[in-house]
Amino acid sequence: MAKVFTVPEVAMHNKKEDLFMIIHGKVYDCTDFADKHPAGHEILLEVAGKEASEAFEEVGHSEDAKAMLKDLFVGDCIPPVSQSNMSLKLLRARHAPVPNIMMKLISDDL
């Protein structure tokens, strides 16, 4: 099972030496790839720790570039609970056990 990250967790990985990004709900660790990127590491730093789907697609990456993502994949990203429309059952399945305080917050959102 893939690791599950929240948006705030990914946001902490926003430096060249610790560089994650989210593309289409998947989290990628681009730390070791940063210096190998054809456009340079600076372009990756612009989206480090952020949702990068639009930036990734706008460039028109090749199929080879898209295939490289498989090697960089570290997990899936879920939105923060307050923005989530996932059912409580799905949340429990992914993150059991859910503390009682979270149960209250989640049930208020649903």
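A residue is called buried when its relative accessible area is under 20%, exposed when that area is over 50%, and partly exposed in between, with a 1.4 Å probe and protein chains only. The model is predicted, so that local features need pLDDT of at least 70 and side-chain atom pairs count only at pLDDT 80 or more, while totals for chains, interfaces and linings use all residues. Residues are numbered from 1 along each chain as its sequence is written, and side-chain values use heavy atoms, with hydrogens and water left out.

The protein chain holds six helices and five strands, where helices (H or I, at least four residues) and strands (E, at least two) are DSSP runs numbered from the N terminus. Read from the N terminus, the elements follow the order β-α-β-β-β-α-α-α-β-α-α. Of the 110 residues in the protein chain, 35% are buried. Where contacts (heavy atoms within 4.5 Å) join residues at least 6 apart in sequence, 61% of them link residues at least 24 apart.

Strand β5 (residues 73–78) pairs with strand β1 (residues 3–6) in the parallel sense over four bridges, two strands being paired if DSSP finds at least two bridges between them. In this pairing, Thr6 stands opposite Ile78 in β5. Strand β5 also pairs with strand β4 (residues 26–29), here in the antiparallel sense and over three bridges, and Lys26 stands opposite Asp76 in β5.

Three salt bridges are found in a search of the whole structure, a salt bridge being a side-chain nitrogen of Lys or Arg within 4 Å of a carboxyl oxygen of Asp or Glu. One of them joins Lys26 and Asp76, whose closest N and O atoms are 3.0 Å apart. This pair links distant parts of the chain, since Lys26 belongs to strand β4 and Asp76 to strand β5, 50 residues apart. Lys26 is partly exposed at a relative accessible area of 33%, whereas Asp76, at 16%, is buried.

A salt bridge also forms between Lys16 and Asp35, with 2.9 Å between the closest N and O atoms. Because Lys16 lies in the loop between β2 (14–15) and β3 (18–23) and Asp35 in the loop between β4 and α2 (41–45), the pair ties together parts that are 19 residues apart in sequence. Lys16 is partly exposed at 30% relative accessibility, and Asp35 is exposed with a relative accessible area of 58%.

Within helix α4 (residues 63–72), Lys66 and Glu63 lie three residues apart, about one turn of the helix, and their side chains meet in a salt bridge at 3.9 Å, N to O. Lys66 counts as partly exposed at 32% relative accessibility, while Glu63, at 59%, counts as exposed.
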